[in-house]
Amino acid sequence: MLNWFRQVDEILRGEKTRTERMDSASLDISAGGIAVVVVVLAGIYGFSMGSFALARGIESGDTTTFNAGWMQMIASTVKMPLLFMCTLGITFPSLYVFNALVGSRLRLPAVMRLLIAALAVNVTVLASLGPIVAFFSVSTPNYPFVLLLNVAVCAGAGFLGLAFLLQTLHRLSGPRELVENAEPIDAIARIEQTKKGPLHGTHEQPLGRHVKKVFFVWLFVFGVVGAQMGWVLRPFVGSPHKEFQWLRPRDSNFLEAVNNAFWSLLS
């Protein structure tokens, strides 16, 4: 497992996404191993989300509320990995088809590795922010604030994961001749290239207009599916005004809930 975490570290540092290391149109990673890391890191963030309900249970001194807090923490730890894996399964076919439409040479396994690597970036950012989320969760009883904090953190982490996906898809889908026929570079230029992270763009292979359009359409699809999947699997934080439930009945929607939380915070 240490090797899988080492691969995630190399992804974050950009070592796995250098152009010269992707000549075979695929990321050199263990898809299954990285998926295990995604589950672990997503669970860590879910644990942090559930700390709000646990803190409320401890503060109340009531056994029922305390037990409900523990159950909410366990449920959030389980459901966060489920959220990412279900979203991956639902959106993977569309990314592969969209990717093929723009003339990419990526095959099915390569697209899967790419998506799993993007999820790894996403959940690593989330797990790194987990202690901050847990701190605010246990230090304030304001449920709308904690809810919006989690939405903002998930949105920011998702943006970074999708930015990684865009740049890596660009490098993997670019014409191979640009790499094979590239002129030799001097030592200083080579050092500068190694300093670039996975979110840096490549000037040698500018993104086509149609590629950008197709990618942003899929980005919208991914975001909508992820948000709705989170709504289906709620609660994650645990409302202080409702009893613990593994899953709540289908009503309203994600955007309406965020809007209500925002106005509740202001009032």
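## Helix 2 against helix 3

Helix 2 (residues 31–60) packs on helix 3 at an angle of about 160°, and their axes lie 7 Å apart. Axes are lines fitted to C-alpha atoms, for helices over the stretch in contact, and angles run from 0 to 180 degrees between N-to-C directions. The pair is therefore roughly antiparallel (angles over 145 degrees count as such). The contact has 17 nonpolar, 11 polar and one charged residues. Here Ala, Val, Leu, Ile, Met, Phe, Trp, Tyr, Cys and Pro count as nonpolar, Asp, Glu, Lys and Arg as charged, and the others, Gly among them, as polar.

## Basis of the model

The model is predicted: local features need pLDDT of at least 70, side-chain atom pairs count only at pLDDT 80 or more, and totals for chains, interfaces and linings use all residues. Residues are numbered from 1 along each chain as its sequence is written, and side-chain values use heavy atoms, leaving out hydrogens and water.

## Helix 2

Helices are DSSP runs (H or I, at least four residues), numbered from the N terminus. At 1.5 Å a residue, the 30 residues of helix 2 should span 44 Å, and its end C-alpha atoms are 44 Å apart, which agrees. A kink of about 35° is centred on Ser 51. Gly 61 follows helix 2, with a positive phi near 75°.

## Helix 3

Asp 62 caps the N-terminal end of helix 3. One of its side-chain oxygens lies 3.2 Å from the backbone nitrogen of Thr 64. Helix 3 bends by about 40° at Thr 91, and Pro 93 follows within four residues. The bend is the angle between axes fitted to the seven residues ending there and the seven starting there.

## A cis peptide bond

The bond from Arg 234 to Pro 235 is cis, with omega near 5°. Pro 235 sits in the loop between helix 8 (209–232) and helix 9 (254–266).

Technical notes
Helices (H or I, at least four residues) and strands (E, at least two) are DSSP runs, numbered from the N terminus. A polar contact is a pair of N or O atoms within 3.5 Å; within protein, one must be able to donate a hydrogen and the other to accept it, and residues adjacent in sequence count only if both atoms are side-chain atoms. Angles under 35 degrees count as roughly parallel, over 145 as roughly antiparallel, 65 to 115 as roughly perpendicular and the rest as oblique. The expected span of a helix is 1.5 Å times one less than its number of residues.
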